[in-house]
Amino acid sequence: MSTFVRLTALILLVRAIAAIPATNVDSATCTGTISSLDDVDDAVKCTTVNINSFTVPAGETFNLSLQDGTTVNMQGDVTFAVKNWDGPLFQVSGKSITFNGNGHTFDGNGPSYWDGQGGNGGVTKPAPMMKIKISGTYTVCSVLRERMLQCEVLIASRRLQNVKVKNSPARVYSVSNPAPLVMSNLTVDDSAGDAPNSQSGSKAAGHNTDGFDCSTTDLTIEDSTIHNQDDCLAINKGSNIVFQRNTCIGGHGISIGSISSDVTVSGIVIQDNTIQDNDQALRIKTKASASDSTVTNITYSGNTGTGLRRFGVIIDQSYPATLGAPGDGVKISGVNFVGSMNSLQVGSNAMRVAVNCASGSCTGTWDWSALTVTGGKVGPINNFTGIENFSQ
């Protein structure tokens, strides 16, 4: 073979090799590290993602669009710089995700926004702060089990913590998981919002700081502590939702609603929670203007409430009024207090139980045999006679 032929063949070979596409990063073996938003696009190509301490620039979302099966490990705290905009500040999406907070904090710099008005006025506040659109676990337990530690024992002793959210500008978590999700051992700390500031007058500076707003199915939230100035939990629509062993401090209690039109809520279990110094412990609120909606199969078991300012239990179809003229567009059935005793203590000026239904809108028989409410005064039961095994 001549030298010319050999050279020609070599050139063709080099061209062929150059034309072969570069091999993609092996997502199953690589680890992505995030120390700024500039690192996110490359990091999410991997199925292990580590988050170091950094500050998210003002007016930007820390957005993680993850590969299926990714494990995320927080290895430092994340702080969000301040800007008056709609948000969210953080968003994560993906399927079969394991998100390990390892006790680290997302800090929303709430005091820079708080004016006592929340989303009802004042400055524009990023809301929600945290948008969760994953399935899997938002927890630390899976990693600890790999290390042969006793996760359940540490949770019970409060020695184990997952993600902390501190000083949210307004609403904290919005949850819309695409498949089953367990969120556990979280901390929401908006306690600094209890005090007035120069913008709020005599009112608490924090407002509309809902802990969890949920419009979803197949969700469990457990073993968490929420200190805020609004609903600890608000279920706006969905099914198969469990809220258990949580502590709610300072806000408006555990709520189903407010329920709007064309909404179904069913299969909700609220159990073994502690509600301290809230406006009410347990509430169902439906909008007076709503239509074609249903709330059914709601179970309360083993909940404890103390220092309740307005109500122990309130079921009200007149929202946004309280005990006003009820609307008849939402059908409520199967609201039961069963299993372990629900024990609630209300303040001297509070109502123990209030039920405000439109005529024909609350139906069936409701077993309230596992409910006791002390203190306060008797509240009204309007347009419904189906409550059994309970008296005020």
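Visitor: What share of the contacts in the chain with a separation of 6 or more comes from residues 24 or more positions apart?
Guide: A contact here means heavy atoms within 4.5 Å. Among contacts with a separation of 6 or more, the part that joins residues 24 or more positions apart is 70%.

Visitor: What is the mean pLDDT of the chain?
Guide: This is a predicted model, in which local features need pLDDT of at least 70, side-chain atom pairs count only at 80 or more, and totals for chains, interfaces and linings use all residues. Residues are numbered from 1 along each chain as its sequence is written, and side-chain values use heavy atoms, leaving out hydrogens and water. pLDDT is the predictor's confidence in each residue, from 0 to 100. Here 88% of the residues reach 70 or more, and the mean is 91.

Visitor: How many contacts beyond near neighbours in sequence does the stretch 142-148 have?
Guide: Start with residues 16-23, where pLDDT stays under 50 and the model has 0 contacts beyond four places in sequence. Residues 142-148 also have pLDDT below 50. Beyond near neighbours, the number of contacts for this second stretch is 7.

Visitor: Which residues touch the most other members of the largest nonpolar core?
Guide: Such a core is a set of buried Ala, Val, Leu, Ile, Met, Phe, Trp, Tyr and Cys residues joined through side-chain atoms within 4.5 Å, with buried meaning under 20% relative accessible area (1.4 Å probe, protein chains only). Tyr-138, for one, touches residues including Phe-99, Phe-106 and Tyr-173. Of the 82 residues in this core, those touching the most other members are Phe-62, Phe-106, Tyr-138 and Tyr-173.

Visitor: Which residue of β28 is the bridge partner of Ser-333?
Guide: Strands are DSSP E runs of at least two residues, and two of them pair if DSSP finds at least two bridges between them. β25 (residues 330-337), with 6 of its 8 residues buried, pairs in the parallel sense with β22 (residues 293-301) over 7 bridges. β25 also pairs in the parallel sense with β28 (residues 362-363), over 2 bridges. In β28, the partner of Ser-333 is Thr-363.

Visitor: Which strand gives the most to the lining of the largest pocket?
Guide: On a 1 Å grid over the protein atoms alone, a pocket is an open set of points where a 1.4 Å probe fits, with protein on both sides within 12 Å along at least five of seven lines; lining residues have an atom within 4 Å of a point. About 490 Å³ of space lies in the largest one, and its 27 lining residues include Asp-230, Asp-231, Ser-258, Lys-285 and Tyr-319, the closest to its centre. With 4 residues, the strand giving the most is β24.

Note on methods:
Buried < 20%, exposed > 50% of the residue type's maximum accessible area, 1.4 Å probe, protein only. Points joined across faces, edges and corners; volume = space filled by probe spheres on them.
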